[in-house]
Amino acid sequence: MHERCPVCGLKFEREPGYFLGAMYIGYGLGLLTVCIFSLLLWWLGKLPFQRAVIGGVLLFLPFAPALTVMARVLFIYLDQTIDPDRS
């Protein structure tokens, strides 16, 4: 990840541990994704609930890196809305 935005110069990591808040967003996105996949497998696939949840977790795994990046981007948007970097 770049230290600063190449377009606007925004410093991405303002302090050590800055993206800790992005973990909460990532957890929510991951949980939502696993739930959607699991419910679809349960309803449409007619699988037992336990197998549907396991299948939902397995289907989620390829999306984990993309959701991690998305969580960071959403956290930066949230942080810049609440406390803009004026430097």
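**Entry 1: a tryptophan to start**

I opened with W42, which is partly exposed at a relative accessible area of 35%. For my own bookkeeping, buried means under 20% relative accessible area, exposed over 50%, and partly exposed in between, with a 1.4 Å probe and protein chains only.

Before going on, I noted that this is a predicted model, in which local features need pLDDT of at least 70, side-chain atom pairs count only at pLDDT 80 or more, and totals for chains, interfaces and linings use all residues. Residues are numbered from 1 along each chain as its sequence is written, and side-chain values use heavy atoms, with hydrogens and water left out.

**Entry 2: confidence**

I looked up pLDDT next, the predictor's confidence in each residue, from 0 to 100. The protein chain averages 91, and 99% of the residues score at least 70. Among its elements, helix 2 has the highest mean pLDDT (97) and helix 3 the lowest (92). Helices here are DSSP runs of H or I with at least four residues, strands are runs of E with at least two, and both are numbered from the N terminus. A reminder to myself: where pLDDT is low, the predicted coordinates should not be read in detail.

**Entry 3: aromatic pairs**

How many aromatic pairs does the count come to? I got five. The rule takes rings of Phe, Tyr and Trp (its six-membered ring) with centres within 6.5 Å; planes under 30 degrees apart count as stacked, over 60 as edge-to-face and the rest as tilted.

The pair of F37 and F63 is tilted, with 5.6 Å centre to centre and 40 degrees between the planes. F37 lies in helix 1 (residues 20-44) and F63 in the loop between helix 2 (49-60) and helix 3 (64-82), so this pair ties together parts that are 26 residues apart in sequence. F63 is partly exposed at 44% relative accessibility.

I then came back to W42, whose ring centre is 5.5 Å from that of F49; their planes are at 80 degrees, so the pair is edge-to-face. F49 is partly exposed, with a relative accessible area of 44%.

Y18, F19 and F75 are linked into a cluster by ring pairs. I also found R72 over the face of F19, at 4.3 Å from the ring centre. The test for that is NZ of Lys or CZ of Arg within 6 Å of the ring centre and within 35 degrees of the ring normal.

**Entry 4: the cores**

Which residues make up the largest nonpolar core? I listed eight: C5, L10, F12, Y18, F19, A22, F75 and I76. Such a core is a set of buried Ala, Val, Leu, Ile, Met, Phe, Trp, Tyr and Cys residues joined through side-chain atoms within 4.5 Å. Apart from this core lies another, of five residues, including V34, F60, L67 and A71.

I followed the contacts (heavy atoms within 4.5 Å) of Y18. Leaving out residues up to four places away in sequence, Y18 touches F12, E13, F75, I76 and D79.

**Entry 5: helix 1**

The buried residues are G21, A22, L29, G30, T33, V34 and S38; the buried residues of helix 1 pack against helix 2 and helix 3.

**Entry 6: helix 3**

For helix 3, the 19 residues should span 27 Å, and the end C-alpha atoms are 27 Å apart, which agrees. L67, A71, F75, I76 and D79 are its buried residues, and what covers them includes helix 1 and helix 2.

**Entry 7: two exposed residues**

Where does K46 sit? I found K46 in the loop between helix 1 and helix 2, exposed at a relative accessible area of 68%. Just after helix 1, K46 takes a positive phi of about 55 degrees. I noted the background too: most residues other than glycine have a negative phi.

V7 lies in the segment before helix 1 and counts as exposed at 79% relative accessibility. V7 and M23 are 16 residues apart in sequence and 25 Å apart in space, C-alpha to C-alpha.

Notes. The expected span of a helix is 1.5 Å times one less than its number of residues.
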